[in-house]
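Hi,

Here is the structure I promised to pass on.

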Amino acid sequence: MQFFNENTIYFLVVDRFLNSDPSNDNCRNPEAFDAAQKDWCKYWGGDLAGVIDKLDYLKELGASALWLTPLFDQADGLVDVEGRGIAAYHGYWAKDFKRMDEHLVSNQEDIRVFASHDTILDRLAAAMHKRDMKLILDIVCNHSSPAHRPDDGGKVTKGELYDDGELLTSYENDTLGWYHRNGGVTDWNSAWQVENEELCGLADFNESKIGYRTYIKEAMKLWVDKGADGLRVDTVKHMPLWFWQEFVSDMLFHKPELFIFGEWFQGGANDPFSVHFANASGMGMLDFSLQNAIESCLAKNADGGFCCIEAVFKKDALFNNCHELVTFVDNHDMPRFLSVGGTPERLRLALGLIMTCRGTPCIYYGTEQYLHNDTNGGADPYNRPMMERWDATTPAFKLIKALAQVRKENLAVQRGSQRVKSASENIYAYTRVYLDNCCLAVFNKGPASEVTLENIELPDGVYTDVLTQSPARVSGGKIEKLRLEKDSLLVFSRAAAPSDGHTLIVTFMLNGFKTAWGQKIFVTGNCPELGNWDLDRAFPLEYINDNLWMEGLPLKHPPGASVAYKFIVKSPDGAVLYEDRPAHVRRLPPEGGLLLKHAWV
Ligand code: NOJ
């Protein structure tokens, strides 16, 4: 898996984005579609043609990766939830993992998505790649569909599962034993129940059956081959870790550069089980802990202010790679920021934070247009309104656009350490630092005020804020009396000139050695770039946090070459500590990026 941090992800619920092709609206079950867009639990018409139509808008916004809700063919009936008939417009109730849902395509033949190389999905992927945008598919392995309501033609189709149109099994007649039949979860603190029992009546797959695993992994590889650059993985908490380890290994074996991140609901630094998952599964993770803190601090004005947010970043070293976290302000499973007390001004602070902090930011569709509906506190499904405007001049649009550019250009924003400079109720400032790259972000959620910042890693000089162009002078690492307007943010960026095009960059990452003050970590090895085992010429890594040192090394090497290397720790008094093991040996690819992740032994 490669770094994804130069990207800004945009997450859209396809059905609620743009209805470009009305011909696919009334599909197998016309009852499931509401042309008036009044019934929030039915299809409203968004489709892949709509996404293609708006690619230029999204590109201009700075979205370099799109995460789309699942595209699998969905159960057709309505499901009874507290008396309401709910359609699978959201995409999380699949019945055929090898077909595309009929509401999304323009030519109905395209539902047999793997039968042709010219489906609307192929065209979407090609149009995105032409614009240098990445495609992230949302995938589900934990479950298929729930039971339809009894009046739905009298048909109860819970868990009916197909392989490109051919019936495999169903929950009611599970000839293959592919479903757990343990009832619904009652004790959410029991990991066994969460993994082996049902979530909201969704037919829960039995991953111990090799037939099921082969089916689902084969299906996902086919989707990846359609041009996916990333996978967002649903409900990871609900399947055992060993399954995900096998799954991620197989996916990365198939396509090593895929970026994979999981949805562990409410996961993040504040949930130790999810931290273990992030460190052991091989995939990144959505950062709910940070989302909670952003919402509390900036929308709900919780006591402690920015200290709530800093408390989350303080735990970054719990992760082997905090850069693999995906940060967000809100999503389709919670009320939008603007529905829980957030104002447009505060939304700018929240966006500014995720755009500049560690991790990869993900913007929920419509945020740039202040899209929200506050019925029932904005809870699901009211957090999924139809996209209404495509205005490229809103302050939120301009902010995302400007900061996506900073992220793209500045290595410190992508992969630097994050160093707090001020954290109080109303004011927050941090730098991101990586080699000669630096970015300073300053936030004020209180009345207009001033702050003096010290130990700023920017070289002396005058810098202009990316958003307002207002200046700040750095002198001896100090910025005196920086003026902060009410509810405002400032971002000062210094990106080093990009290095010459190298054919191969090997990034060394080391976890598990907490350096004392003055200690530094290096890589020594058997090629000139690593000093040919001469410790004076060893390659220095960059400090990220107490659990992570890393750096990318451009390597020249003959085709088919290997490299042998070892991590060492140098202390200020000249003492050297070697890893207590034989050297690592790796065969090098001819070009591209190679990420070498290690834990100190
Ligand atoms: C998490 C998804 O984000 C949510 O929207 C969905 O309903 C559940 N998983 C079940 O798939």
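**Around the ligand**

A polar side-chain atom of His-143 sits 3.0 Å from an oxygen atom of the ligand. Arg-232 does likewise, with a polar side-chain atom 3.0 Å from a ligand oxygen, and for Asp-234 the distance from a polar side-chain atom to a ligand oxygen is 2.7 Å. On its own the ligand would expose 290 Å², and the protein buries 84% of that. Before you read too much into those distances, keep in mind that this is a predicted model.

**The protein overall**

In terms of secondary structure you have twelve helices and 31 strands to look at. The radius of gyration is 25 Å, close to the 25 Å that the globule rule gives for 601 residues, so the protein is as compact as a globular protein of that length. If you are setting up a box, the C-alpha atoms fill roughly 80 × 60 × 45 Å along the principal axes.

Of the 601 residues, 60% are buried. Counting contacts with a separation of 6 or more, 70% are between residues 24 or more positions apart. The protein exposes about 23,200 Å², and carbon and sulfur atoms supply 51% of that.

**Helix H3**

Which residues of H3 are buried? In this helix, residues 120-130, they are Ile-120, Leu-121, Asp-122, Leu-124, Ala-125, Ala-127 and Met-128. An α-helix has 3.6 residues a turn, so residues three or four places apart point the same way. The cover over the buried residues of H3 comes from several elements, including helix H1 (48-53), helix H2 (55-61) and helix H5 (210-225). Strands contribute too, among them E2 (65-68), E6 (94-100) and E7 (134-139). After H3 comes Asp-132, which has a positive phi, near 60°.

Asn-107 is in the loop between E6 and H3. With a relative accessible area of 38%, Asn-107 is partly exposed. Its side chain reaches the backbone nitrogen of Glu-109 at 2.9 Å. Asn-107 and Leu-135 are 28 residues apart in sequence, and their C-alpha atoms are 21 Å apart.

Pro-589 also belongs to a loop, the one between strand E30 (584-587) and strand E31 (592-599). Its relative accessibility is 25%, so Pro-589 counts as partly exposed. How far apart in space are Pro-589 and Ala-561? The C-alpha to C-alpha distance is 8.2 Å, for a separation of 28 residues in sequence. Leaving out neighbours within four places in sequence, Pro-589 is in contact with Leu-504, His-557 and Leu-594.

Glu-295 is placed in helix H8, residues 288-299. Is Glu-295 buried or exposed? Its relative accessibility is 14%, and because the cut-off for buried is under 20%, Glu-295 counts as buried. Beyond its neighbours within four places in sequence, Glu-295 is in contact with Lys-300 and Val-340.

Over to you!

How values were computed:
Residues numbered from 1 in each chain as written. Heavy atoms only, no water. Buried < 20%, exposed > 50% of the residue type's maximum accessible area, 1.4 Å probe, protein only. Helix = DSSP H or I, 4+ residues; strand = E, 2+ residues; numbered from the N terminus. Contact = heavy atoms within 4.5 Å. Polar contact = N/O pair within 3.5 Å; in protein donor to acceptor, adjacent residues only side chain to side chain. Areas by Shrake-Rupley, 256 points an atom, 1.4 Å probe, with all protein chains shown as cover. Rg over C-alpha atoms; globule rule 2.2 N^0.38 Å.
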